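Look at it first, then read the points below.

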Amino acid sequence: MTDRGRPVPGITVADAWRSFRTAVRLGWAIEANWSDPFLFAVYTLAKPLAAAGILVVMFQIITGGQGTEFLQFLIVGAALWNIVFGVMGGLVQSILEDRERYRMMKYVVVTPSSLFPFLLGRSLARIGTSLVAVVLTLGVGVVFLGVRLDPSLLYLAAATILGFLAVMSMGVFMAGWCLQLRQEAWSYPEAIAGALYLVSGAIFPVDILPTFVQPVAYAFPTTWWLEASRRGLLGHGSPGDIGALSDGTVMLLLLVSTAIVLPLSLAAFAWFMKRARQAGLLDMTTGS
Amino acid sequence: MSGFRAATARNPREAADWSTGRIIRTNLRAIMGRAYPRIIGLTREPSWVFFEILLPFLAVSAFVFVYRALGAAEEFVGFVVLGGAMTAFWLNVVWMMAAQFYWEKDQGNLELYFTAPMHLMSILAGMAIGGLVLTSSRALAVIVIGSVLYGVSYQIEQPLLLAAVFLLTMVPLYGMGMLFASLFLLWGREAFHLAQLLQEPIYFLGGVNFPIRHLGVVSGLVVATLPLAVGLDAMRQLVFPGAASQGVLPVGTEMTILAVMGVVFLIGARLALGWLETLARREGRLTLRWQ
């Protein structure tokens, strides 16, 4: 078989950039412009606020508003987790929509450009929406719920870059994986993001988990990204054991886990694409 | 078919002149036909079982751990497990009732429904019955797994009343799904966003993870409009008879509200369906995909 995975001679970074830009515009058109702007704004604002609202009401019922440290922990975790849902959902939905719904994947694949910049660009609208949700949730926390930010910008910037790389890597892995599935691929990002939500210390400290699940939590970069981001935003760590670690240790663990996940995910995506081509999955429609 | 063949018509006009019995039989067949794939899907799509149990269960687990981290009474864990089970029904209503006609249009089935000799309400009723059976198994699994894993204990003193509340909740819940099915079809491409919008905000307003009375003034409005919230509030009062599960209104009043909601939503669905059909025929949008 001809190795179509190799770059086409003459294709430059500028071509990839053009492909990325076009995909960004397309993704935004699908995600937002074709919707009613009012509804899109409501959808963008209501969903993350309601998700955070559930946690805030639960907190108020049990504590009567005492113990703001835990509330801050909840708000930051709930806010940042929008990125994971946005990235996972964005990358996977993009690749599945283009294959199953719009049936454009095969046309993108036969162009000289690589699928990768197209996929990243295509999912950017959803990722951008999730960033709006992060800012909004944090804003509501600060203005209405007494969340006090004490940002350490350098630490936060490092945590954000590494965390974003880690989450994007996991999303790319998921996108390649979902291309292999015949049924229920649409449900996988939600299921995986939901499982990670449970083990990453997003809304409760990792020590609350059963003992046998805790090593799983510590293995994922999302746990360290959330912890590092909390320290970068709030100036202190989470309640529980993880909060006792030094800032340097948390950053190092985020760096190491990201350094493992990133190349593994990219290699897995390349393999998934090769397999999809060999097995004729790029234009498959499952009807799911 | 053999029953129909016995009454072979002599001309097209006579063939179109159906007796009331035949109309009822055909509509009953339509209901069974549309419910069939959902019920049979219980055994033929194991991946559905996995996801439809797993997704609510993951959410349930996360909220259980939050309550435990906050040091809440174990009663709250029970609230979350029951709420998680009811979430399965709500997800079914949103994705497999409300958004269904829109998907059917995309797949090319909608025009078949319109041209077939039965009422569209029969299709919706079939979807609802099939969805109810399908989701009951998922909800039961969430309750059993959640209760065993997290040690929830129930004090059900009036099981028949509880069953009645559950059934009364399902009627307006699926009636709402029927109503939304027409509206989602009209709103076209917004269907996906609308379905998304009907999740977390409804979990929040519906008090899926906490007693709804803690929403204060808003709880009154919610009780007047959202069957999921009223049903959950009534069921919690019957299953966890402690101070924490004190309802917004007494169970009897909430049952009356559910009954009224059931009638309103079913009539609303019938009217919306007629309006949709007229509009869709006039504008020629019935077969227009991705719009």
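The contact between the chains takes 28 residues from chain B and 34 residues from chain A; two residues are in contact if their C-beta atoms, placed from the backbone, lie within 7 Å. This is a predicted model: local features need pLDDT of at least 70, side-chain atom pairs count only at pLDDT 80 or more, and totals for chains, interfaces and linings use all residues. Residues are numbered from 1 along each chain as its sequence is written, while chains are lettered from A and ligands numbered from 1 in the order in which they are written.

**Chain B side of the contact**
- H4(B) supplies the largest share, 14 residues.
- By class, this side has 17 nonpolar, seven polar and four charged residues.
- Ala, Val, Leu, Ile, Met, Phe, Trp, Tyr, Cys and Pro count as nonpolar, Asp, Glu, Lys and Arg as charged, and the others, Gly among them, as polar.

**Chain A**
- Chain A has ten helices and zero strands; helices (H or I, at least four residues) and strands (E, at least two) are DSSP runs, numbered from the N terminus.
- The C-alpha trace of chain A spans about 65 × 45 × 35 Å along its principal axes.
- Of the 288 residues in chain A, 44% are buried. A residue is buried if 20 or more other C-beta atoms lie within 10 Å of its own, exposed if 12 or fewer, and partly exposed in between; C-beta atoms are placed from the backbone.
- Among contacts in chain A between residues at least 6 apart in sequence, 83% join residues at least 24 apart.
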